Amino acid sequence: MSLRNPPAPAWQRLALPGADLQWLPQWLAPEEADALLAQLLDTVPWEVHRIRLFGREVASPRLSCWIGDPEAVYVYSGARFVPRPWPAALRDLRGRLEDACDARFNSVLANLYRDGHDAMGWHSDDEPELGAQPVIASLSLGAVRRFRLRRKDAAGQAAAGEGLDLVLPHGSLLRMAGDTQRLYRHALPRTRAAVGPRINLTFRWIEPAPARRPARSRG
Ligand SMILES: [Mn+2]
């Protein structure tokens, strides 16, 4: 082992029954997180994604960008997203995250929460192309927001019971794996607090289309 390399930071396991949830509250040093936030705010082609909500198509309350290898086409909330190419700021980061998380990633969903009005509703990242037990690496930059996880009830909705609220600091890394998506939903609620922009990067592995089973029609 080289003496020049600092030891890898130790993951902290978060206690949530049945889930596999670990985090590093300060994965990036503050200066590096500052620089990455500024670069991404400037260079990512942010857009409003249309999502399906109660059968209606609406503008999502945040800005987003789907980035990845060409074959990492993602379908969610009734829309199909062809990835944009990796911006320079994210190319190195992907490799570092693969090492840190012991997983492979071919894509990242970038979300920009401009202020406390922007939010994310209850959902699971459980689309078929993510596989049964996806490893998702979630890097937070900018304003500190509250991230909530709640166990699904029998109908698959977020139940009022078992769960966890996490405050995700600038430069923190959350690793969701195992049955976390199958058993739990997560959300980023609005806040009345005066907060600045927050960027969340969720790195994923999307099974390329030819390897997938034929699509079934979903009712
Ligand atoms: Mn999610």
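Let's start at Asp102. Is this residue buried or exposed? Asp102 is exposed, because its relative accessible area is 68%, and the cut-off for exposed is over 50%. Keep in mind that this is a predicted model.

Now look at the backbone. Phi of Asp102 is near 55°, a positive value, and this residue is not a glycine. Most residues other than glycine have a negative phi.

Cys101 is buried, because its relative accessible area is 1%, and buried means under 20%. Then there is Cys65. Cys65 is buried too, with a relative accessible area of 0%. How many disulfides does the count give? The count comes to zero.

Next, helix H2 itself. H2 runs over residues 88-101, and Gly95 lies in it. Now follow the chain from Gly95 to Phe105. These two residues are 10 apart along the chain. Their C-alpha atoms are separated by 8.4 Å.

Now zoom out to the whole chain. How many helices and strands does the protein chain have? There are three helices and 15 strands.

What about overall shape? The chain has 219 residues, so a compact globule would have a radius of gyration near 17 Å. The protein chain has 17 Å, which agrees. Along the principal axes, the C-alpha atoms fill a box of roughly 55 × 40 × 35 Å.

What share of the residues counts as buried? Of the 219 residues, 47% do. Cys65 is one of the buried residues, and so is Cys101.

Then the surface. The accessible surface of the chain comes to about 11700 Å². Carbon and sulfur atoms hold 53% of that.

Last, charge. The protein chain carries 30 positive and 24 negative side chains. How far apart do the centres of the two sets lie? They lie 6 Å apart.

How values were computed
Residues numbered from 1 in each chain as written. Predicted model: local features only at pLDDT ≥ 70, side-chain atom pairs only at ≥ 80, totals over all residues. Heavy atoms only, no water. Helix = DSSP H or I, 4+ residues; strand = E, 2+ residues; numbered from the N terminus. Rg over C-alpha atoms; globule rule 2.2 N^0.38 Å. Buried < 20%, exposed > 50% of the residue type's maximum accessible area, 1.4 Å probe, protein only. Areas by Shrake-Rupley, 256 points an atom, 1.4 Å probe, with all protein chains shown as cover. Lys, Arg positive; Asp, Glu negative; His and termini not counted. Charge placed at Lys NZ, Arg CZ, Asp CG, Glu CD. Disulfide = S-S within 2.5 Å.
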